[in-house]
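Let us walk through this structure, one piece at a time. Keep the viewer open as you read.

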Amino acid sequence: MTSIDTAGAVGEAPAAAPAGKIMLVGIGPGSVEHMTQRARAAIAEADVVVGYVTYIKLVADLLEGKEVVRKGMTEELDRAVHALEAARAGKKVALISSGDAGVYGMAGPTYEVLFQAGWTPDDPVQLEIIPGASALNACAALVGAPLTHDFCAISLSDLLTPWPVIARRLDAVAYADFVVALYNPKSGRRTRQIVEAQRLFLRHRRPDTPVAVVKSAYRRRQHIEFTTLDKMAECDIGMLSTVLIGNSATFISHGLMVTPRGYANKYDVEQGFETREGEKAGRSLSTGLLGWLETLQAQQAQGHTVADLARLHRLPVEYIAATLAEPVEEAPAGESVAESEG
């Protein structure tokens with residue numbers, strides 16, 4: 001007796017289903033105009049689209065004829081599991097995140113689920129991460145240029161991260177004078193976190209430090225409010241808000257928030273950007289690493305102790321000691337350093 005498979009072939013075992021693909025799609029801030037071409041193409045080629053209900057609404061015009069799986073706010077792992085199951089069944093899955101999938105998005109939870117299931121990069125199920133503009137990019141573009149110097153992002157959500165960890169990070173970046181983007185600053189049940197963040201920042205920053213609160217950037221109910229650090233907690237802040245806190249050089253002028261890149265340290269703006277005395281175009285500042293090391297050695301020679309220097313420069317004693325023990329190397333003659341434009 002001959003066996004016949006479902007495809008009608010005689011004497012052959014059923015063919016294995018082709019492996020599918022998971023596409024982690026960052027859809028950007030929420031407006032179609034700010035979604036990348038690749039993000040739109042990925043959703044177009046997907047058989048299944050999985051995402052948080054609000055994000056599904058943002059791409060509703062791209063979902064005709066597709067299987068759509070809507071999940072709740074705290075169901076990130078469920079979204080990843082569903083995406084993997086669909087891909088194992090041979091389907092192309094677009095697992096969407098607002099902003100960028102790798103910035104507080106679905107990339108991390110998805111990798112966790114995949115590795116737990118034994119997936120490796122050599123697995124038949126393919127994985128592609130499609131980047132998008134994160135909330136900090138979108139909010140910065142709306143308020144001016146607050147991120148043109150060193151910055152970081154911290155989430156105030158303590159649903160998965162212990163508060164002491166968050167508090168230590170807030171205190172450290174406030175002390176280090178970063179521009180900071182606060183994600184998930186407040187919700188209906190989490191109202192005190194933004195107050196605690198303000199308390200920590202005021203330990204190290206001036207009360208009049210510029211702050212911008214941007215709600216629903218590039219979405220229908222977009223709202224922007226400029227304030228100062230001491231008034232920050234009084235603003236209308238919710239889960240759809242991102243809070244941008246400036247550094248010691250950030251200013252607001254003509255309704256725009258700007259963080260200088262530092263050109264005034266080297267060039268005289270009022271004199272046609274002439275190089276300041278003691279500085280050289282294309283070279284590190286006189287107060288850059290080599291110049292600072294020379295100053296440090298001179299201060300030690302004048303009788304300052306390592307502990308004195310640590311207090312003076314607000315740096316760890318161990319770091320000052322190790323740095324002074326290292327011989328200063330001079331930069332090669334004629335060396336020029338090109339600064340990157342992120």
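Three strands form an open sheet in the order β6-β13-β12, with mixed pairing. Strands here are DSSP runs of E, at least two residues long, and helices are runs of H or I, at least four residues long, both numbered from the N terminus. Two strands pair if DSSP finds at least two bridges between them. The model is predicted, so local features need pLDDT of at least 70, side-chain atom pairs count only at pLDDT 80 or more, and totals for chains, interfaces and linings use all residues. Residues are numbered from 1 along each chain as its sequence is written, and side-chain values use heavy atoms, without hydrogens and water.

The edges of the sheet are β6 (144-145) and β12 (251-253), and each pairs on one side only. β6 runs parallel to β13 (residues 256-258), and two bridges join them. G144 has M257 of β13 as its bridge partner.

Next, the annotation. An unreviewed UniProt entry lists residues 21-232 as "domain: Tetrapyrrole methylase". UniProt positions follow the numbering used here, feature names are shortened, and annotations may be inferred rather than shown by experiment. This span, residues 21-232, is 33% helix and 24% strand, and its end C-alpha atoms lie 44 Å apart.

Now the helices. α8 (residues 289-301) packs against α10 (residues 317-325) at about 95 degrees, with axes 10 Å apart. Axes are lines fitted to C-alpha atoms, for helices over the stretch in contact, and angles run from 0 to 180 degrees between N-to-C directions. α8 is therefore roughly perpendicular to α10 (65 to 115 degrees). W292, L293, L296, Q297 and Q300 of α8 meet Y319, I320, T323 and L324 of α10, with contact meaning heavy atoms within 4.5 Å.

Technical notes:
Parallel < 35°, antiparallel > 145°, perpendicular 65-115°, else oblique.
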